[in-house]
Amino acid sequence: MQGCPLCSSPGGDVVWKDSRCRVVRVTDAEGVAFPGYCRVIWQAHVAEMTDLDPGSSRHLMNLVFAVETALRSLVAPDKINLAALGNQVPHLHWHVIPRWHDDSHFPAAIWASPQKSAAATRKAPTSEALSTAIGAALSEAEGGA
Ligand SMILES: [Zn+2]
């Protein structure tokens with residue numbers, strides 16, 4: 001769709017993809033503050049989860065949960081935040097955000113005002129590690145498909 005940033009660009013560094021979805025790691029300041037922060041993006045321009053057929057929405061959620069599983073094993077966050085807003089970019093995407101009690105915004109959402117100064121820097125997982133862990137978790141969720 002013309003003018004849509006997620007139709008005209010990947011939206012981050014692509015770490016995993018198939019014909020229906022892609023996973024990008026967020027590379028701007030938010031990606032530094034929340035190392036491992038990923039977005040799961042539906043490839044086609046669709047606004048709502050219920051615009052997808054049931055098999056497609058199941059696949060998308062399997063992938064969101066696979067990213068959550070990958071991040072829990074790679075960066076051991078205190079909490080995972082899952083969010084699908086789409087108010088600014090109405091192209092279906094999920095945020096998968098690792099959170100720590102000492103991060104700059106905890107316990108508020110990352111889009112709220114910071115609660116405190118930046119947390120200790122944490123090492124972000126490599127794209128290769130993310131890709132491998134996401135693929136393994138998705139394969140397990142979808143029966144090796
Ligand atoms: Zn789009």
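**Helix packing**

A crossing is right-handed if the near helix is turned clockwise from the far one by less than a right angle, and left-handed if anticlockwise. In this predicted model, α3 passes α4 in a right-handed crossing. Helix α3 covers residues 54-75, and α4 covers residues 127-141. Both are DSSP runs (helices H or I, at least four residues; strands E, at least two), numbered from the N terminus.

The axes of α3 and α4 are 8 Å apart, and the packing angle is about 130°. Axes are lines fitted to C-alpha atoms, for helices over the stretch in contact, with angles from 0 to 180 degrees between N-to-C directions.

**Basis of the model**

Residues are numbered from 1 along each chain as its sequence is written. In this predicted model, local features need pLDDT of at least 70 and side-chain atom pairs pLDDT 80 or more, totals for chains, interfaces and linings use all residues, and side-chain values use heavy atoms without hydrogens or water.

**Zinc site**

Which atoms hold the zinc ion? Cys 4 and Cys 7 coordinate through SG, while His 45 and His 91 use ND1. The distances run from 2.0 to 2.3 Å. Donors are N, O and S atoms within 2.8 Å of the metal (3.2 Å for Na, K and Ca). Along the chain, the donors are spaced as C-x2-C-x37-H-x45-H.

Cys 7 sits in helix α1 (residues 5-8), and His 45 in the loop between β3 and α3, so this pair ties together parts that are 38 residues apart in sequence. The four donor atoms make angles of 105 to 117°, and the site is tetrahedral (four donors, all angles between 85 and 135 degrees). The ideal tetrahedral angle is 109.5 degrees.

Cys 7 is partly exposed at 33% relative accessible area. His 45 is also partly exposed, at 29%. (Buried is under 20%, exposed over 50%, partly exposed in between, with a 1.4 Å probe and protein chains only.)

**Sheet**

Five strands form an open sheet with antiparallel pairing. Their order is β1-β2-β3-β5-β4. The edges are β1 (13-17) and β4, each pairing on one side only. On average, neighbouring strands are turned by 20° against each other, direction ignored.

Ile 41 has His 93 as its bridge partner in β5.

Is β3 enclosed or open? Five of its five residues are buried, so β3 is largely enclosed by the rest of the structure. Cys 38, Val 40 and Trp 42 point one way, and Arg 39 and Ile 41 the other way. In a regular strand, side chains alternate between the two faces of the sheet.

**Loops and backbone**

Val 89 lies in the loop between β4 (79-83) and β5. Val 89 is partly exposed, at 22% relative accessibility. Its C-alpha atom is separated by 7.8 Å from that of Leu 6, 83 residues apart along the chain.

Most residues other than glycine have a negative phi, and most peptide bonds are trans. Ala 76 has a positive phi of about 45°. Ala 76 lies in the loop between α3 and β4 and is exposed at 51% relative accessibility. The Phe 106 to Pro 107 peptide bond is cis, with omega near 5°. Pro 107 belongs to the loop between β5 and α4.

Methods
Tetrahedral: all angles 85-135°; square planar, octahedral: opposite > 155°, others 65-115°. Pairing = 2+ DSSP bridges.
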